[in-house]
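Subject: Structure handover

Hello,

Here is the structure you asked about. My notes follow it.

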Amino acid sequence: MERRKILLSEDEIPRQWYNVLADIKMNPPLGPDGQPISPDMLAPVFPMNIIEQEVSQQRWIDIPEEVLNIYAIWRPTPLIRATGLEKALGTPARIYYKYEGTSPPGSHKPNTAVPQAYYNKVFGIKRLTTETGAGQWGSALAFACSQFGLECKVYMVRISFDQKPYRKTMMQTWGASCIPSPSTETQAGRDILAKFPDTPGSLGIAISEAVEAAVSDTSGNTRYALGSVLNHVMLHQTIIGLEARKQLEKIGEYPDAIIGCAGGGSNFAGLAFPFVLDKFNGKKVDIHPVEPAACPSLTQGPFAYDHGDTAGYTPLMAMHSLGHTFVPPPMHAGGLRYHGMAPTVSQLVVEGLLDPKAYGQMATFEAGLLAARTEGIIPAPETNHALAAVVDLARQAREEGKAKVILFNWSGHGLIDLGSYEKYLSGQIKDFDFPAQDIEDAKKILAEYPKPQIIRSR
Ligand SMILES: *Cc1c(COP(=O)(O)O)cnc(C)c1O
């Protein structure tokens, strides 16, 4: 029997997360006055223990025992050799994927939902609010809150609320409440609805609503949780890459290329950052974040200061951004419909350590279908973006006759996304025209903000 799955035992779960902030220099987040914000300004939004983690420069951070105990429900996740896909592509490349679809909600997102719920609980918080795109993050936070006995309220982007009703049911099953965004419950929601009554919604709008709902609870018992973009989220996700590195070590492999789809950047960063650390230490490896061609923040957006949300409630962050008023086309990979990118991922792109790529929706579904028919697992539409890049690289390896080692993150399964597959199979999926004018319009706003410095960390 050929070796297919490389497993770790529960005893081998990493005990620390890797914090990339120890190894790079960053432009600081800015407040409304254009000055760097102080950590306590974030106190109405996040608990102080998470804020401390957000700004920590410590390279290795201990994973609390209580978090490890919940991780152990599905972690360590398997590393799987994609021999079926290799055969179908006739490639000499050896392709491995880290399969994050084994978590209860079916994606990588509980890797951070669980510690975020834990730190809020320890801080005495009773209730969390959040946004969700495709519903993956909302369901992950609902699951995590149920583990720690916290209340959870989720603002779900309307287009996904309509396209993916079962995600809402998952959230409710775990005891959370879920409403479509924009809603009439918040000022941010009402403002958008007044201007655009038929808007499909966006992650940026839903973030505004969830932040507003948290900070306007005068009891002080509510905080907000974000599923991507921020430093502490990237930190928690590094469990993926740290496990993958151990698994590859066991079989004497090291990747030539690492690939992950990138919406806010967290599953990509989770797999890639531990290998970025190796790259700092002299290893050679190509690392590719992959985004939708219709929402191309890394490949088309300038590196600029911008807000993380549509209403402009969040501090200005230095990142690749299409402008916070940009509402991406209603593509099926709802988790990738975000105007910005994690500041840490953006900084690494600025420094030339990452090589981003973009694919249209059709190419991603083609790759996803090939993967489903050869590997058996039906991928999330977001994961299909990583797969499109994997397929390209594997074909290139065939042409060059090179036995490259490719590692990618299979960020989630697509079993709650079958509506998208149904549309693809019946010929109803198309590539969106590149929203050039919308992006040009949205980018104009960036000219009003300070310009980040181009920093080289080493
Ligand atoms: C949310 C999600 C993504 C995109 O979010 P990132 O923060 O960029 O990882 C990718 N894949 C799946 C399955 C998701 O649920």
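A salt bridge here is a side-chain nitrogen of Lys or Arg within 4 Å of a carboxyl oxygen of Asp or Glu. This is a predicted model, so local features need pLDDT of at least 70 and side-chain atom pairs count only at pLDDT 80 or more, while totals for chains, interfaces and linings use all residues. Residues are numbered from 1 along each chain as its sequence is written, and side-chain values use heavy atoms, with hydrogens and water left out.

The whole structure contains 16 salt bridges. One of them pairs Glu12 with Lys250, with 2.8 Å between the closest N and O atoms. Glu12 sits in the loop between β1 (5–6) and β2 (16–18) and Lys250 in helix α11 (residues 239–250), so the pair links parts of the chain 238 residues apart (helices, H or I, of at least four residues and strands, E, of at least two are DSSP runs, numbered from the N terminus). Glu12 is partly exposed at 24% relative accessible area, and Lys250 is partly exposed at 45% (buried is under 20%, exposed over 50%, partly exposed in between, with a 1.4 Å probe and protein chains only).

Lys98 and Glu243 also form a salt bridge, at 2.8 Å between the closest N and O atoms. Lys98 is in strand β5 (residues 94–99) and Glu243 in helix α11, 145 residues apart. Both residues are buried. Shared partners join Arg75, Lys98, Glu100 and Glu243 into one salt-bridge network.

Overall, the protein chain has 18 helices and 15 strands, and 64% of its 458 residues count as buried.

Regards
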